[in-house]
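Open the model in a viewer and keep the selection tool at hand. The tour moves from one selection to the next.

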Amino acid sequence: RFATVRQRTRFVLRMTLAFFSGLLMPLNTVFSGMVAKIYLEETDEIINNQRALDAVMSVVWLYVVSAAVLFILSAAQQYLLSSTTNELVDKLRREYLAAILRANATVLDQCSPGKLSSALNDDDFQQYRDDPRWNE
């Protein structure tokens, strides 16, 4: 209800990034299994075996690339989530404060400062926004 189209779009983008991050996570296990498979299938001596070293290094590079992509996706996902939620909370607090300032001064006299302060920080402030005493 309070989110803008931009915020909704960023949230959908964040969920899409989370989906792709989830798809990449099992690759860590797959790459580890590929390294183990290389060592198990080598019938020759492992020490000084250039072919086995090259195969292992190619898997290690795949692992490094997937880890970098996963890091970037996770960082973008975290940024989108935190910035969007911070914008939304800031907007809600500004609207609530504006409603308090528009309210009749007698209503403010009836409420203690502690009650107003806790209401500003309360997650469930919809009840205060719709309260008819604030809209007199």
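Start by selecting Gln-77, which is buried, with a relative accessible area of 14%; buried means under 20% relative accessible area, exposed over 50%, and partly exposed in between, with a 1.4 Å probe and protein chains only. The residue sits in helix α3. Helices are DSSP runs of H or I with at least four residues, strands are runs of E with at least two, and both are numbered from the N terminus. Contact here means heavy atoms within 4.5 Å.

Two notes on the source. This is a predicted model, in which local features need pLDDT of at least 70 and side-chain atom pairs count only at pLDDT 80 or more, while totals for chains, interfaces and linings use all residues. Residues are numbered from 1 along each chain as its sequence is written, and side-chain values use heavy atoms, with hydrogens and water left out.

**Whole chain**

Zoom out and colour by secondary structure. The protein chain has 6 helices and 0 strands, so the order of elements from the N terminus reads α-α-α-α-α-α. Of the 136 residues in the protein chain, 24% are buried. Among contacts with a separation of 6 or more, 69% are between residues 24 or more positions apart.

**Ser-83**

Return to helix α3 and select Ser-83, which is located there. Is Ser-83 buried or exposed? Ser-83 is buried, at a relative accessible area of 13%. Display Leu-80 as well: its backbone oxygen lies 3.4 Å from a polar atom of the Ser-83 side chain.

**Salt bridges**

Next, select Glu-87, Arg-6 and Arg-10, which are linked in a network of salt bridges. A salt bridge is a side-chain nitrogen of Lys or Arg within 4 Å of a carboxyl oxygen of Asp or Glu. By this rule the count is 3. Side chains of opposite charge can pair when their charged atoms come close.

Check Glu-87 with Arg-6, where the closest N and O atoms are 3.2 Å apart. This pair joins distant parts of the chain, with Glu-87 in helix α3 (residues 50-102) and Arg-6 in helix α1 (residues 5-24), 81 residues apart. Then check Glu-87 with Arg-10, where the closest N and O atoms are 3.1 Å apart. Here too distant parts of the chain are linked, Glu-87 in helix α3 to Arg-10 in helix α1, 77 residues apart. Glu-87 is partly exposed, with a relative accessible area of 27%, whereas Arg-10 counts as buried at 10% relative accessibility.

Move to Arg-94 and Asp-90, whose side chains meet in a salt bridge with an N to O distance of 3.1 Å. These two are separated by about one helical turn because they lie 4 residues apart in helix α3. Asp-90 is partly exposed, with a relative accessible area of 40%.

**Leu-88**

Select Leu-88, also found in helix α3. Leu-88 counts as partly exposed at 25% relative accessibility. Which residues does Leu-88 touch, not counting those up to four places away in sequence? They are Phe-2, Ala-3 and Gln-7. Leu-88 and Gln-7 are 81 residues apart in sequence, and their C-alpha atoms are 7.9 Å apart in space.

**Nonpolar core**

Now select Phe-31, Ile-38, Ala-52, Val-56 and Val-59, the 5 residues of the largest nonpolar core. Such a core is a set of buried Ala, Val, Leu, Ile, Met, Phe, Trp, Tyr and Cys residues joined through side-chain atoms within 4.5 Å. Helices α2 (27-41) and α3 each give two or more residues to this core, and α3 gives the most, with 3 residues. Centre on Val-56: leaving aside neighbours within four places in sequence, Val-56 is in contact with Val-35, Ile-38 and Tyr-39.

**Aromatic pair**

Finish with Phe-19 and Phe-20. A search of the whole structure finds 1 aromatic pair. The ring centres of Phe-19 and Phe-20 are 5.5 Å apart and their planes are at 70 degrees, so the pair is edge-to-face. Rings of Phe, Tyr and Trp (its six-membered ring) pair if their centres lie within 6.5 Å, with planes under 30 degrees apart counted as stacked, over 60 as edge-to-face and the rest as tilted. Phe-20 is partly exposed, with a relative accessible area of 41%.

Notes
A polar contact is a pair of N or O atoms within 3.5 Å; within protein, one must be able to donate a hydrogen and the other to accept it, and residues adjacent in sequence count only if both atoms are side-chain atoms.
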